[in-house]
Amino acid sequence: MNNIPNSILALLEKRKTNNSFRKLKTDFPEIDFCSNDYLGFSKLETTKNVIEDLNKSQLSIKNRQSKSGSTGSRLISGNSVFIEQVEKEIANFHSAESALIFNSGYDANVGLLSSVPQKNDLILFDELSHASIYDGIRLSYAKHFKFKHNDTNSLKDLLQRHVANYENIYVVVESIYSMDGDAAPLKEIVDLLHQFTNCFLIVDEAHALGIFGEKGKGLCNELNLENVFFARIYTYGKALGAHGAAVVGSNHLRNYLINFARSFIYTTALPKSSIESIQRGYQLLSGEVNMQLLKNNIAYFTTNCKNINGLIASNSAIQSIILGNNNDVDEIENKLAEQHIYAKAIKSPTVKAGTERIRICLHAFNTYKEIDLLINTLQKHG
Ligand code: PLP
């Protein structure tokens with residue numbers, strides 16, 4: 001495996017030669033005739049004085065710093081020293097050269113997968129990949145095939161059949177699958193891909209961040225595999241309790257996404273408050289938060305959930321029980337609700353017909369008493 005495809009470097013070079021290479025700026029001139037903050041609302045701290053000044057068109061330069069909205073896309077007026085500092089902190093935390101924040105995990109996957117793989121490339125991806133991975137792949141010009149869920153032989157078979165016919169092959173997995181809660185066989189996949197120089201590995205760590213690895217750094221960290229990935233996606237709407245996502249990888253990858261990922265380029269950047277929430281989430285992971293509480297609850301659930309048919313083996317926070325049709329999952333959701341428990345019925349077509357399930361997400365704040373009630377209710381009605 002290599003770190004960056006030559007085709008990506010060539011496209012970046014071409015942009016530089018044409019003087020069309022996009023770069024993020026943080027040093028904006030003071031007088032704004034650029035941002036989309038048409039009414040100046042992003043500057044308001046809800047203090048009456050500022051509103052009065054705004055109405056009289058007397059907002060001083062000092063008061064024109066954005067307090068809420070980011071005022072534009074990252075390449076126009078929405079970038080800041082603060083966002084770039086947080087991106088450096090993210091890269092550091094995940095032992096990568098760089099990180100680039102997207103507005104959501106959906107945007108990150110769509111932006112990455114629609115822009116990086118080219119016409120002569122191939123994408124191989126797990127059949128249980130998240131919708132955002134499917135949608136990104138659908139927008140790409142590359143050819144794609146899916147392999148059977150967590151089946152390294154199925155991936156190997158596709159690789160052997162196609163490796164010689166494509167310039168680059170991107171293999172896309174989730175470290176923890178969002179619906180089944182099981183882990184990808186990352187070590188086996190890495191070992192397999194080491195045989196091929198034109199393969200690049202992409203992993204979505206949405207459900208591993210905050211749960212696996214040292215200080216919740218993710219499953220790649222736990223397995224000591226962080227450096228082998230071309231790109232890792234960390235999303236902040238889950239364990240971090242915030243919003244947004246980052247693609248983590250090389251500096252070349254970051255430059256490439258800034259230049260070509262349309263879901264990064266053509267959208268208003270996250271506001272400062274969102275970036276602060278992301279930073280705070282990472283600070284909590286790095287600091288005093290007791291990561292063991294969630295692990296204990298996962299262990300408590302998995303050791304006590306005997307006689308529940310259809311439970312998918314998982315040591316993540318996601319525990320799914322396959323019931324196999326939309327009516328049964330609705331019924332169990334209602335039975336749980338009668339006990340004041342909210343666990344979600346996931347129906348087809350969100351999941352494949354026949355795999356409809358109750359999806360349980362365990363948290364650090366759940367008590368053993370609550371988990372007992374959950375298990376008892378499932379055992380009674382399952
Ligand atoms: N990737 C995976 C594996 C997910 O489960 C999700 C969310 O459900 C996403 C990406 C999308 O993340 P976001 O909610 O930040 O758009």
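Predicted model: local features only at pLDDT ≥ 70, side-chain atom pairs only at ≥ 80, totals over all residues.
Visitor: Is Thr71, with its positive phi, buried or exposed?
Guide: Thr71 is not a glycine, yet its phi is about 80°. Thr71 belongs to the loop between α2 (48–55) and α3 (81–93). Its relative accessibility is 12%, and the cut-off for buried is under 20%, so Thr71 counts as buried.

Visitor: Where does Lys215 lie, and what is its relative accessibility?
Guide: Lys215 is another residue other than glycine with a positive phi, near 55°. Its place is the loop between β5 (199–204) and α8 (219–222). Lys215 counts as partly exposed because its relative accessibility is 37%.

Visitor: Let's turn to charged pairs. How many salt bridges are there?
Guide: Side chains of opposite charge can pair when their charged atoms come close. The rule used here asks for a side-chain nitrogen of Lys or Arg within 4 Å of a carboxyl oxygen of Asp or Glu. By that rule the count is 9.

Visitor: Which residue forms a salt bridge with Arg74, and which residues share its network?
Guide: The closest N and O atoms of Arg74 and its partner Glu87 are 3.0 Å apart. This pair links distant parts of the chain, with Arg74 in the loop between α2 and α3 and Glu87 in helix α3, 13 residues apart. Both count as buried, because relative accessibility is 5% for Arg74 and 2% for Glu87. Arg357 also counts as buried, at 3%, and salt bridges that share partners make one network of Arg74, Glu87 and Arg254.

Visitor: How many residues apart are Arg357 and Asp180, which meet in a salt bridge?
Guide: Their side chains come to 2.7 Å, N to O. Arg357 is in strand β10, whereas Asp180 is in the loop between β4 (169–174) and α7 (186–193), so the pair links distant parts of the chain. Asp180 is buried, with a relative accessible area of 10%.

Visitor: Which helix holds both Asp157 and Arg161?
Guide: These two form a salt bridge with closest N and O atoms 3.2 Å apart. Asp157 is partly exposed at 37%, while Arg161 counts as exposed at 53%. They are 4 residues apart, about one turn of the helix, and that helix is α6 (residues 152–162).

Visitor: Which helix gives the largest share of the shell around the ligand?
Guide: The shell includes Ser104, Gly105, Tyr106, Asn109 and His130. By class, it has 2 nonpolar, 7 polar and 3 charged residues. The largest share, 3 residues, comes from helix α4 (residues 105–115).

Methods: Residues numbered from 1 in each chain as written. Heavy atoms only, no water. Helix = DSSP H or I, 4+ residues; strand = E, 2+ residues; numbered from the N terminus. Buried < 20%, exposed > 50% of the residue type's maximum accessible area, 1.4 Å probe, protein only. Near = heavy atom within 4 Å. Nonpolar A, V, L, I, M, F, W, Y, C, P; charged D, E, K, R; others polar.
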